[in-house]
Amino acid sequence: MAARVLLQRRCLAPLATIALGGLALAPATVLAEGPAYKKKPIYDDFNVPTSDGGAPVASVPIKVLQPEQTPSTADQEEPARGKKPRGPSPTDRLAVQVGKARMALYRLAVRAENKVNETMDSAFHLEQSFTSTVASLAPSRASGEKLMPGTIYVLVAAMAGSIITRRSNILLRSTVPLAFGVGAGWTVLPVTMRNISDLAWKYEQRFPAVAETHANVRESLRRSVSFAKAHSRVGVQYVDDKVTDAREAVEAWVKQGK
């Protein structure tokens, strides 16, 4: 064992001597300006520029060290101009439709409210017109006319005309009670009948044909009444004359007999 150890030590000495000799005889180039050490750069994709001799440049321009700049705004707008504008999204279209529906519903509600208001106004005006019309038909206190007994007299006269013509034709049964009632009204309620006549004439003026017919009939009736009155006066005068003549003749005959 001891011989093996000694043999190994004797072999190592010549090998070490050969290695040192080989290193001394191997050619080597020494760069006076070469870097003292080589360090791996942090960014692998960035290459530090070196001079012709292989040494790194002392000062590198800033624009070289900066990363690659992004394209300018003008370069970005050029391709954007070629693109078509994007249309509204489904949410925007839905919002527009909802807005239109709300406006349509609002207009419908406003029209319904206006219609209700117009109906209420017309009903109020109709009620006011009716009450004022009925109040205008009543006689004034200065006239001294009372409606209650006079209205009863008018109804009794109309019923009497209906009783008288109960066995007559339909024309008489419809006209005679009306004539009796109107005649009784003009007799016992002249002021009220005058107010009713004025109101009827006011409504008839809305229809010119009816108003003209009514005026013609009233004028013919007035002429007939005046003609009848004139004939009655003539008849009364004729009868008076005849009676006077007869009385004078009788008186003369009596005188002659004496």
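A pocket here is an open set of grid points with protein on both sides within 12 Å along at least five of seven lines, and a volume is the space filled by probe spheres set on the points. In this predicted model, the second largest pocket holds about 370 Å³ of space. The points below take up the lining of that pocket and then the helix pairs.

**The second largest pocket**
- Two or more residues of the lining come from each of α6 (170-188), α7 and α8 (208-257).
- The residues that line the second largest pocket are Val182, Trp186, Met193, Arg194, Ile196, Ser197, Ala200, His214, Arg218, Leu221, Arg222 and Val225.
- Sorted by class, this lining comprises 7 nonpolar, 2 polar and 3 charged residues.

**α6 with α7**
- The axes of α6 and α7 come within 5 Å and cross at roughly 120 degrees, which makes α6 oblique to α7.
- On the α6 side the contact is made by Val182, Gly185, Trp186, Thr187 and Val188, and on the α7 side by Pro190, Met193, Arg194 and Ser197.
- In this contact of α6 with α7, 5 residues are nonpolar, 3 are polar and 1 is charged.
- Val182, Trp186, Met193, Arg194 and Ser197 take part in this contact and are also found in the lining of the second largest pocket.

**α5 with α6**
- Helix α5 (residues 147-164) and α6 have axes that come within 7 Å and cross at roughly 155 degrees, and α5 is therefore roughly antiparallel to α6.
- The crossing in which α5 passes α6 is right-handed.
- From α5, Gly150, Tyr153, Val154, Ala157, Ala158, Ala160, Gly161, Ser162 and Ile164 meet Val176, Pro177, Phe180, Gly181, Ala184, Gly185 and Val188 of α6.
- The contact of α5 with α6 is made up of 11 nonpolar and 5 polar residues, with no charged residues.

**α4 with α7**
- Helix α4 (residues 90-137) packs with helix α7 (residues 190-204) at an angle of about 140 degrees, their axes being 8 Å apart, and the two helices are therefore oblique to each other.
- Thr133, Ser136 and Leu137 of α4 make this contact together with Thr192, Asn195, Ile196 and Leu199 of α7.
- The contact of α4 with α7 contains 3 nonpolar and 4 polar residues and no charged residues.
- Ile196 of α7 belongs to this contact and also to the lining of the second largest pocket.

Note on methods: Residues are numbered from 1 along each chain as its sequence is written. This is a predicted model: local features need pLDDT of at least 70, side-chain atom pairs count only at pLDDT 80 or more; totals for chains, interfaces and linings use all residues. Side-chain values use heavy atoms; hydrogens and water are left out. Axes are lines fitted to C-alpha atoms, for helices over the stretch in contact, and angles run from 0 to 180 degrees between N-to-C directions. Helices (H or I, at least four residues) and strands (E, at least two) are DSSP runs, numbered from the N terminus. Angles under 35 degrees count as roughly parallel, over 145 as roughly antiparallel, 65 to 115 as roughly perpendicular and the rest as oblique. Contact means heavy atoms within 4.5 Å. Ala, Val, Leu, Ile, Met, Phe, Trp, Tyr, Cys and Pro count as nonpolar, Asp, Glu, Lys and Arg as charged, and the others, Gly among them, as polar. On a 1 Å grid over the protein atoms alone, a cavity is a set of points where a 1.4 Å probe fits but cannot get out, and a pocket is an open set with protein on both sides within 12 Å along at least five of seven lines; lining residues have an atom within 4 Å of a point. A crossing is left-handed if the near helix is turned anticlockwise from the far one by less than a right angle, and right-handed if clockwise.
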